[in-house]
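Work through the exercises below with the sequence and the coordinates side by side, trying each task before reading its solution.

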Amino acid sequence: MKQTLTFFLLLLTMAIPGYADVTLDYCLKRAEENYPEIKKYGLLESTSELSLEEINRGWWPRLGLSAQANLQNIVPAFPNILQNMLAQNGFELKGMGKLQYKVAAELNQTIWDGGASKAQRAIERASLAESKAALDVELYAIRSQVENIYFGILLIQEQMKQTESTLELLSSNLQKLESMVRNGTAMQSDADMIEAQCLTLNQSIAEARNAMKGYRDVLSVYIGEELGEQTLICPEAEMPQSTESERPELKLFDKRIENNMAHMKAIDTSVMPHIGFFTQAYYGYPGYNYFESMTNRKLSFNIMAGVRLSWNVESLYTKDSKRRKLMLSSDMITADKEKFLFNSRIRSARENSEIEAIRDVIKEDSRIVELRQSVRRSAESQLQNGIIDATALLSKINDENQAKLNSAYHNIQLIQNIYKLKNTLNQ
C-alpha cells in the first residue's frame, strides 16, 4: 500500500508542470515552436511543391479544342474558261463555298525545351531555400529577446533575495534596539529609523514582485504557456569554442547568391530553341483536299501531324544585360555579407572585453562582501555598547546589502554576456 501511494504521488508530481523548474534552453525552444512565423515553413514547402508540379506539367501533352465558323468574300474558284468548258458538257462547278465551319482539336507535346523546365525547377528550389533562410533569421531574433527577459527575471529574483535577507537582518537589529529602548540604553528615534527602513524595503520587495510578474507574463506569451510559480534556473554558460560566426544571416546571404545563379542559368536556357510534336485534327468544311471541297460542299475529317521548332531570338538581345545585373546583385550581396561579418567581429570583440572586465571585478567581490559583513558585525557590537547610533549601523547594513547585490549581479551579468557572445556567433 505504501509503495502504491508513493508511486501515485510521483505520477501526480510529474503531471503538474507548476512544480518543475524552468531552464533558459527550454524557454528558447518553446519560444521558437510557439512563434506564429513557424507555420510558414510548412506553407513554403506546400507552395513550392505546387510550383514544381506546375513546372513538371509543362511536359504533359497539351490538348486544345476549338470551333469556328466564318464567311469569306473571296474563296478559291475554278478559272472561268474551265467552268465554261465543263458547263457545255453539263457539269456545274460552283467552287469553294464562302461559308466555312469546323470543329478542331490540337495536341502539342514538348520534345526539348532547351533546359528551361530544369532551370525553372532550380529557381523554385533556390527560392524556397532563400525563404527558409529568411525565416531562420527572423526566428533567431527571438532568442535575444527571450534571453533578455529571462535574465531580467533572474536579476529581479536576486534583488528580492538580497532585499529579503537585509530585511531579516534589520528586523533582528530592530528587536535588539526595542529591547535597548525599554532598558533606557537606546533612543526611540533609533528604533524608528530602523523600522522605517524595514518598511521601505518591504515597498521595494513589492515593487520588484510586480515588475517580475510583468516580465514573467511576457515570457509566458513567448513560450505559449503559463509559468505560474515555477522557478527559473540560472544557466551555466561556457565560452564559445570558436570565434567564427555561424549566424543564420550568413546562410541567407549564400542562398540569395545561389538564387541569382539559378536565374543566371535560366537566362542561358532562354536563348535555346524549343522543339515539339503536334497533331491537328478537325471535322468540317473545307477539308485539306481543296479540289474535292470545290466540287462538293460535304463535311470531312482531316488530320495533320508534324514537328515544330520555335526560337525566340529576342532573348539574345537582353541576355548579357540580364546576366550583368545578376552579377552586380550578387556582388552587392557579397558586400553586405562582408559588412555583417565585420560588424559581428567588432561586436564579439567588445563582448569579449566586457566578459573579461566582469571576471576581473568578480575576483574582488567575495573579499568585499567579507569585509562589509565584518564591518556590519562590528557596528552591531558598537551599537549595543552605545559607541555609535542607528544611523551608522544602517549605513553599514546598506553597504553589506549593496556588496552582496553587486556580487550576485556580476555573476548573472557574466553569464548573460557569455550568452550575448554566443548569440552573436551562434555558437
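**Exercise 1: the core**

Identify the residues with the most contacts inside the largest nonpolar core.

Solution. The largest nonpolar core has 42 residues, and those with the most contacts inside it are Leu177, Ile194, Leu219 and Leu232; such a core is a set of buried Ala, Val, Leu, Ile, Met, Phe, Trp, Tyr and Cys residues joined through side-chain atoms within 4.5 Å, where buried means under 20% relative accessible area with a 1.4 Å probe, protein chains only. At least two residues of this core come from each of α2, α5, α6, α9 (314-384) and α10, helices being DSSP runs of H or I with at least four residues, numbered from the N terminus. The largest share, 16 residues, is that of α5.

The model is predicted, with local features needing pLDDT of at least 70 and side-chain atom pairs pLDDT 80 or more, whereas totals for chains, interfaces and linings use all residues. Residues are numbered from 1 along each chain as its sequence is written, and side-chain values use heavy atoms, without hydrogens and water.

**Exercise 2: helix α2**

Determine how α2 and α6 are oriented to each other.

Solution. Begin with the buried residues of α2 (residues 24-34), which are Leu24, Cys27, Leu28, Arg30 and Ala31; their cover includes α5 (116-182), α6 (188-223) and α10 (390-425). Next, take the axes, lines fitted to C-alpha atoms over the stretch in contact, with angles from 0 to 180 degrees between N-to-C directions: α2 and α6 pack at about 55°, their axes 7 Å apart. The two helices are therefore oblique to each other, the class left after under 35 degrees (roughly parallel), over 145 (roughly antiparallel) and 65 to 115 (roughly perpendicular). Finally, the contact (heavy atoms within 4.5 Å) is made by Cys27, Arg30, Ala31 and Asn34 of α2 with Leu219, Val221, Tyr222 and Ile223 of α6.

Technical notes:
Buried means under 20% relative accessible area, exposed over 50%, partly exposed in between (1.4 Å probe, protein chains only).
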